[in-house]
Amino acid sequence: MGPELLRATDGIQQRALANPRGIVLGRRQRGLDCPLRQRGKLDFFTVRTAMPAPAQSDPAPSAFAHRGSEPLFHVRELARVYGEGSAAVTALAWINLDLFAGELIVLLGASGSGKSTLLNQLGGLDSPTHGTLLYRGANLAEFDEAALTNFRRDAVGFVFQAYNLIPSLTARENVALITEICRDPMAPEEALALVGLADRMDHFPAQLSGGEQQRVAIARAVAKRPEVLLCDEPTGALDVRTGITVLEAIERINRELGTLAVIITHNAILADMADRVFTLSDGRIVNVRENQVRGQVRSLAW
Ligand SMILES: Nc1ncnc2c1ncn2[C@@H]1O[C@H](COP(=O)(O)OP(=O)(O)OP(=O)(O)O)[C@@H](O)[C@H]1O
Ligand SMILES: [Mg+2]
């Protein structure tokens, strides 16, 4: 199949690159065989070469009452291409999804499928090569540095596989470090109690288990009352039993504070704890599963 014009797009600052997965993003170039060559005024374009847009990430209204009419995140045709020319890697392609306040979302997929890339896009850590990402109707691509900083500071809590705690500070102080710069934080003690660490506030990281350290990291992320909690393999470094305590903390925060939680995992069993499960493969959402009833973390068959 020859190249097919999908949409002319002004402003994609990306050199023309054809990649094997079927999306070409970039500037009009002499000799590139696509219909836009006839459209002299448009410098930028998107064409599809071989792969049709998959039927995926159905953005249809949900059955769940807690999903209001306005999604927190509205993502359309999102693509992220790293590098250029023959070295180009399409980390994300044609992502369409809506995420709603109060949802618990699990992202599944093999290594390299684009999970972290997607999470970084949602968290304003990286910007798309193509497509739209709206947060509460505002286009993150149009935020200046100050607005992006505010978005990351106030709206988003991040939890990574590495806990990134400061060893010379106690659990309470690690959380306080963040709450001191936020608009409407909860007390560090309240955040630590939420994750079950009321009796470990004055311990240093070295005096805490891996799971406890990760829960301090979660307390630090939620103490600022973010609307979104983005967790990139939060249990990746933990054994099963410890991982459960960490996931229970995230589940509780989602339930009690109504925080949209997005959890990346390699463990398909965790799919049962989610409202919706997105499976990525080669940078695309290849499956969306909706659980009418969420499983409790403790009751999942590990
Ligand atoms: N900064 C970068 N520069 C170039 N390529 C990158 C970059 N970051 C990610 N990639 C590539 O994009 C693809 C998706 O990477 P990503 O980290 O999102 O995968 P992942 O699903 O999170 O994998 P894992 O489960 O191993 O963490 C991979 O092919 C990766 O090599
Ligand atoms: Mg990753």
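## The S13–S14 hairpin

In this predicted model, strands S13 and S14 form a hairpin with two residues between the strands, and Asp 282 there takes a positive phi near 50 degrees. S13 covers residues 276-281 and S14 covers 284-290; the two run antiparallel and pair over six bridges. For pairing, DSSP has to find at least two bridges between two strands.

## Around ligand 1

So who sits around the ligand? The shell holds Tyr 82, Gly 83, Val 89, Ala 91, Gly 109, Ser 111, Gly 112, Ser 113, Gly 114, Lys 115, Ser 116 and Thr 117. A residue gets in if its C-beta atom, placed from the backbone, lies within 6 Å of the molecule. Strand S6 (89-99) and helix H1 (115-122) each give two or more residues, with H1 putting in the largest share at three.

By type, the shell splits into three nonpolar, eight polar and one charged. Nonpolar here means Ala, Val, Leu, Ile, Met, Phe, Trp, Tyr, Cys and Pro; charged means Asp, Glu, Lys and Arg; the others, Gly among them, are polar.

## The chain overall

The protein chain has six helices and 14 strands. These are DSSP runs, numbered from the N terminus: helices are H or I with at least four residues, strands E with at least two.

Of the 302 residues, 40% are buried, meaning 20 or more other C-beta atoms (placed from the backbone) lie within 10 Å of the residue's own.

## Reading the numbers

Residues count from 1 along each chain as its sequence is written, while chains are lettered from A and ligands numbered from 1 in the order written. Since this is a predicted model, local features need pLDDT of at least 70 and side-chain atom pairs count only at pLDDT 80 or more, but totals for chains, interfaces and linings use all residues.

Conventions. A residue is buried if 20 or more other C-beta atoms lie within 10 Å of its own, exposed if 12 or fewer, and partly exposed in between; C-beta atoms are placed from the backbone.
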